[in-house]
Amino acid sequence: MPFRATVLTLYPEMFPGHLGASLSGRALERGQWSIDAVQIRDFAEDKHRTVDDTPAGGGAGMVLKPDVLARAIDAVSGSDDRPRLLMSPRGRPLTQARVRELADGPGVVIVCGRFEGVDQRVIDGRELEEVSIGDYILSGGEPAALTLLDAVVRILPGVMGNELSGVHESFEGGLLEHPHYTRPQVFEGREIPAVLTSGNHGAIAKWREAEARRLTGERRPDLLSQPVKK
(Lines give C-alpha, C1' and ligand atoms only; values in the text may rest on other atoms or scores of the structure.)
Protein backbone atom coordinates (compact mmCIF):
# COMPACT_ATOMS: atom_id res chain seq x y z
CA MET A 1 0.00 0.00 0.00
CA PRO A 2 1.43 3.45 -0.91
CA PHE A 3 2.64 5.75 1.85
CA ARG A 4 -0.26 8.05 2.75
CA ALA A 5 0.25 11.50 4.29
CA THR A 6 -2.59 13.58 5.70
CA VAL A 7 -1.75 17.12 6.77
CA LEU A 8 -4.04 19.17 9.01
CA THR A 9 -3.41 22.85 8.37
CA LEU A 10 -4.95 26.30 8.15
CA TYR A 11 -3.14 26.75 4.83
CA PRO A 12 -3.78 23.69 2.63
CA GLU A 13 -2.68 25.67 -0.43
CA MET A 14 0.91 25.29 0.82
CA PHE A 15 0.83 21.59 -0.14
CA PRO A 16 2.29 19.68 -1.88
CA GLY A 17 4.62 22.64 -2.43
CA HIS A 18 8.07 21.56 -3.56
CA LEU A 19 7.04 17.94 -3.02
CA GLY A 20 5.12 18.19 -6.28
CA ALA A 21 8.40 18.56 -8.21
CA SER A 22 11.48 16.48 -8.93
CA LEU A 23 11.74 12.94 -7.50
CA SER A 24 8.92 13.30 -4.98
CA GLY A 25 6.65 14.87 -7.59
CA ARG A 26 7.21 12.06 -10.07
CA ALA A 27 6.64 9.51 -7.30
CA LEU A 28 3.41 11.32 -6.42
CA GLU A 29 2.26 11.09 -10.05
CA ARG A 30 3.11 7.38 -10.12
CA GLY A 31 1.03 6.79 -7.01
CA GLN A 32 3.97 5.70 -4.86
CA TRP A 33 2.74 8.03 -2.15
CA SER A 34 -0.18 10.41 -1.61
CA ILE A 35 -0.83 13.62 0.27
CA ASP A 36 -4.12 15.13 1.43
CA ALA A 37 -4.09 18.63 2.92
CA VAL A 38 -7.13 19.16 5.13
CA GLN A 39 -8.41 22.56 6.27
CA ILE A 40 -8.70 22.62 10.08
CA ARG A 41 -11.17 25.49 9.87
CA ASP A 42 -13.72 23.18 8.23
CA PHE A 43 -14.22 21.53 11.63
CA ALA A 44 -15.18 24.71 13.48
CA GLU A 45 -18.89 24.75 14.31
CA ASP A 46 -19.59 28.44 14.88
CA LYS A 47 -20.59 30.79 12.09
CA HIS A 48 -17.20 32.53 12.13
CA ARG A 49 -15.34 29.20 11.83
CA THR A 50 -13.21 30.08 14.86
CA VAL A 51 -10.16 27.89 15.38
CA ASP A 52 -8.30 29.74 18.14
CA ASP A 53 -8.82 31.50 21.46
CA THR A 54 -6.83 33.44 24.05
CA PRO A 55 -4.42 31.48 26.25
CA ALA A 56 -5.66 30.48 29.69
CA GLY A 57 -3.74 32.42 32.33
CA GLY A 58 -3.11 35.32 29.97
CA GLY A 59 -0.27 36.13 27.68
CA ALA A 60 0.33 37.08 24.09
CA GLY A 61 -1.01 35.35 21.02
CA MET A 62 -3.71 32.76 20.49
CA VAL A 63 -3.98 28.98 20.96
CA LEU A 64 -5.55 26.42 18.62
CA LYS A 65 -8.78 25.16 20.18
CA PRO A 66 -8.79 21.52 21.28
CA ASP A 67 -12.36 20.72 20.26
CA VAL A 68 -11.90 21.90 16.67
CA LEU A 69 -8.56 20.19 16.25
CA ALA A 70 -9.77 16.96 17.87
CA ARG A 71 -12.68 16.76 15.42
CA ALA A 72 -10.28 17.26 12.53
CA ILE A 73 -7.91 14.54 13.76
CA ASP A 74 -10.74 12.09 14.37
CA ALA A 75 -12.20 12.73 10.92
CA VAL A 76 -8.99 12.03 9.02
CA SER A 77 -7.42 9.27 11.07
CA GLY A 78 -10.26 7.47 12.83
CA SER A 79 -8.94 4.09 13.92
CA ASP A 80 -6.07 3.79 11.42
CA ASP A 81 -2.61 3.08 12.77
CA ARG A 82 -0.65 5.92 11.20
CA PRO A 83 1.41 7.89 13.74
CA ARG A 84 0.03 11.33 14.60
CA LEU A 85 2.69 14.01 14.55
CA LEU A 86 2.61 17.61 15.69
CA MET A 87 5.31 19.84 14.23
CA SER A 88 6.56 21.75 17.26
CA PRO A 89 9.84 23.49 18.24
CA ARG A 90 9.60 21.82 21.66
CA GLY A 91 9.34 18.33 20.14
CA ARG A 92 12.03 15.68 19.92
CA PRO A 93 14.52 16.46 17.15
CA LEU A 94 13.83 14.65 13.90
CA THR A 95 16.56 12.12 13.14
CA GLN A 96 17.33 9.99 10.11
CA ALA A 97 16.52 6.93 12.20
CA ARG A 98 13.01 8.26 12.89
CA VAL A 99 12.64 9.18 9.21
CA ARG A 100 13.37 5.57 8.26
CA GLU A 101 10.86 4.30 10.81
CA LEU A 102 8.18 6.53 9.31
CA ALA A 103 9.11 5.52 5.76
CA ASP A 104 8.69 1.87 6.73
CA GLY A 105 5.13 2.52 7.95
CA PRO A 106 1.78 3.12 6.25
CA GLY A 107 2.01 6.92 6.37
CA VAL A 108 1.52 9.82 8.77
CA VAL A 109 -1.04 12.29 10.03
CA ILE A 110 0.68 15.64 10.57
CA VAL A 111 -0.80 18.55 12.53
CA CYS A 112 0.62 21.95 11.62
CA GLY A 113 0.48 24.33 14.55
CA ARG A 114 -0.02 28.07 14.27
CA PHE A 115 -0.20 31.02 16.64
CA GLU A 116 1.24 30.36 20.12
CA GLY A 117 0.62 26.63 19.99
CA VAL A 118 -1.91 23.85 20.48
CA ASP A 119 -4.03 23.17 23.57
CA GLN A 120 -2.17 20.52 25.59
CA ARG A 121 -5.35 18.50 26.12
CA VAL A 122 -5.63 17.57 22.45
CA ILE A 123 -1.92 16.72 22.35
CA ASP A 124 -2.46 14.32 25.24
CA GLY A 125 -5.90 13.08 24.25
CA ARG A 126 -4.98 12.29 20.64
CA GLU A 127 -1.46 11.09 21.50
CA LEU A 128 0.32 13.53 19.22
CA GLU A 129 4.05 12.95 18.87
CA GLU A 130 5.74 16.36 18.95
CA VAL A 131 8.53 16.61 16.37
CA SER A 132 11.05 19.42 15.85
CA ILE A 133 13.21 20.02 12.78
CA GLY A 134 15.58 22.38 14.59
CA ASP A 135 16.17 24.88 17.36
CA TYR A 136 14.45 27.84 15.73
CA ILE A 137 10.93 29.19 15.32
CA LEU A 138 8.91 29.16 12.10
CA SER A 139 5.69 31.02 11.37
CA GLY A 140 3.83 27.71 11.41
CA GLY A 141 4.18 23.96 11.14
CA GLU A 142 3.73 23.81 7.38
CA PRO A 143 7.39 24.31 6.33
CA ALA A 144 8.42 21.79 8.98
CA ALA A 145 5.86 19.27 7.70
CA LEU A 146 7.15 19.70 4.15
CA THR A 147 10.69 19.11 5.40
CA LEU A 148 9.73 15.95 7.26
CA LEU A 149 7.81 14.58 4.29
CA ASP A 150 10.69 15.42 1.95
CA ALA A 151 13.04 13.36 4.13
CA VAL A 152 10.59 10.43 4.25
CA VAL A 153 9.41 10.35 0.63
CA ARG A 154 12.89 10.38 -0.89
CA ILE A 155 13.73 7.04 0.76
CA LEU A 156 10.48 5.27 -0.09
CA PRO A 157 11.17 2.22 -2.29
CA GLY A 158 11.57 3.17 -5.93
CA VAL A 159 11.62 6.94 -5.47
CA MET A 160 15.37 7.45 -5.92
CA GLY A 161 16.93 6.17 -9.12
CA ASN A 162 19.94 4.78 -7.25
CA GLU A 163 18.85 3.20 -3.96
CA LEU A 164 22.42 3.50 -2.63
CA SER A 165 22.00 7.28 -2.71
CA GLY A 166 19.86 6.98 0.40
CA VAL A 167 22.36 4.80 2.24
CA HIS A 168 25.75 6.48 1.77
CA GLU A 169 24.98 9.95 3.11
CA SER A 170 25.08 12.03 6.28
CA PHE A 171 23.52 10.52 9.42
CA GLU A 172 22.82 7.11 7.87
CA GLY A 173 25.96 5.69 9.49
CA GLY A 174 25.97 8.02 12.48
CA LEU A 175 28.50 10.34 10.85
CA LEU A 176 28.42 13.32 8.52
CA GLU A 177 29.03 12.47 4.88
CA HIS A 178 32.53 12.53 3.38
CA PRO A 179 33.46 15.14 0.71
CA HIS A 180 32.51 14.52 -2.93
CA TYR A 181 34.42 15.26 -6.13
CA THR A 182 33.87 14.91 -9.88
CA ARG A 183 35.51 15.98 -13.14
CA PRO A 184 37.44 18.08 -14.11
CA GLN A 185 40.48 16.55 -12.44
CA VAL A 186 41.82 20.02 -11.61
CA PHE A 187 39.55 22.95 -10.74
CA GLU A 188 41.03 26.37 -9.93
CA GLY A 189 44.29 24.70 -8.98
CA ARG A 190 42.65 22.14 -6.69
CA GLU A 191 42.96 18.47 -7.62
CA ILE A 192 40.69 15.53 -6.84
CA PRO A 193 42.41 13.55 -4.04
CA ALA A 194 44.59 10.93 -5.71
CA VAL A 195 43.10 8.05 -3.73
CA LEU A 196 39.71 8.60 -5.39
CA THR A 197 41.13 7.98 -8.85
CA SER A 198 43.42 5.12 -7.79
CA GLY A 199 40.93 2.34 -8.45
CA ASN A 200 41.76 0.89 -5.02
CA HIS A 201 38.29 0.46 -3.56
CA GLY A 202 39.57 -0.58 -0.14
CA ALA A 203 41.70 2.56 0.12
CA ILE A 204 38.81 4.69 -1.10
CA ALA A 205 36.49 3.27 1.56
CA LYS A 206 39.06 3.96 4.29
CA TRP A 207 39.63 7.52 3.03
CA ARG A 208 35.89 8.23 2.98
CA GLU A 209 35.41 6.93 6.52
CA ALA A 210 38.38 8.92 7.79
CA GLU A 211 37.08 12.08 6.13
CA ALA A 212 33.60 11.48 7.52
CA ARG A 213 35.04 11.14 11.02
CA ARG A 214 37.19 14.25 10.56
CA LEU A 215 34.25 16.38 9.43
CA THR A 216 32.01 15.00 12.16
CA GLY A 217 34.62 15.79 14.79
CA GLU A 218 34.93 19.36 13.49
CA ARG A 219 31.24 20.11 12.97
CA ARG A 220 29.16 17.67 15.03
CA PRO A 221 31.33 16.13 17.76
CA ASP A 222 28.17 15.15 19.63
CA LEU A 223 27.59 12.44 17.01
CA LEU A 224 30.89 10.76 17.81
CA SER A 225 29.65 9.87 21.29
CA GLN A 226 26.89 7.75 19.76
CA PRO A 227 27.35 4.18 18.51
CA VAL A 228 28.28 4.06 14.82
CA LYS A 229 25.62 2.30 12.74
CA LYS A 230 26.71 -0.29 10.21
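The model is predicted.

**Stop 1: the five-stranded sheet**

Select E1, E2, E5, E6 and E8. They form an open sheet in the order E2-E1-E6-E5-E8, and the pairing is parallel. Go to the edges next. Strand E2 (33-39) and strand E8 (129-132) sit there, each pairing on one side only. Neighbouring strands are turned against each other by 35 degrees on average, direction ignored.

Zoom in on E1 and E2. Seven bridges join them in the parallel sense. Pick Thr6 and find its bridge partner in E2, which is Asp36. Then move to E5 and E6, a parallel pair with four bridges. Here Arg84 stands opposite Val109 of E6.

Is E1 enclosed or open to the outside? Six of its seven residues are buried, so E1 is largely enclosed by the rest of the structure.

**Stop 2**

**Stop 3: the largest nonpolar core**

In soluble globular proteins, nonpolar side chains tend to be buried together. Here, the largest nonpolar core has 28 residues. Show the side chains of Phe3, Val108, Ile110, Leu148, Leu149, Val152 and Leu156, which touch the most other members. Which elements supply at least two residues each? They are strand E1 (3-9), strand E5 (84-93), helix H3 (96-103), strand E6 (107-112) and helix H5 (142-153). The largest share, eight residues, comes from H5.

Centre on Leu148. Setting aside neighbours within four places in sequence, Leu148 is in contact with Leu85, Met87, Leu94, Leu102, Ile110 and Val131.

**Stop 4: where H3 meets H5**

Keep H5 and show H3. Their axes come within 9 Å and cross at roughly 70 degrees. Which residues make the contact? From H3, select Val99, Leu102 and Ala103; from H5, select Leu148, Ala151 and Val152. By class, this contact has six nonpolar residues, no polar ones and no charged ones.

**Stop 5: Ala27**

Select Ala27, in helix H1 (residues 22-30). Is Ala27 buried or exposed? Its relative accessibility is 0%, so Ala27 counts as buried. Display what surrounds it. Leaving out neighbours within four places in sequence, Ala27 is in contact with Gln32, Trp33 and Val159. Ala27 and Gly158 are 131 residues apart along the chain, yet 8.2 Å separates their C-alpha atoms.

**Stop 6: the three-stranded sheet**

Finish with E3, E4 and E7. They make an open sheet in the order E3-E4-E7, with mixed pairing. Strand E3 (52-53) and strand E7 (117-118) are at the edges; each has a single partner strand, so one side of each is left without a neighbour in the sheet. Strands of a sheet pair through backbone hydrogen bonds, either parallel or antiparallel. E3 and strand E4 (residues 63-64) take the antiparallel sense, over two bridges.

Note on methods:
Residues are numbered from 1 along each chain as its sequence is written. This is a predicted model: local features need pLDDT of at least 70, side-chain atom pairs count only at pLDDT 80 or more; totals for chains, interfaces and linings use all residues. Side-chain values use heavy atoms; hydrogens and water are left out. A nonpolar core is a set of buried Ala, Val, Leu, Ile, Met, Phe, Trp, Tyr and Cys residues joined through side-chain atoms within 4.5 Å. Buried means under 20% relative accessible area, exposed over 50%, partly exposed in between (1.4 Å probe, protein chains only). Contact means heavy atoms within 4.5 Å. Two strands pair if DSSP finds at least two bridges between them. Axes are lines fitted to C-alpha atoms, for helices over the stretch in contact, and angles run from 0 to 180 degrees between N-to-C directions. Ala, Val, Leu, Ile, Met, Phe, Trp, Tyr, Cys and Pro count as nonpolar, Asp, Glu, Lys and Arg as charged, and the others, Gly among them, as polar.
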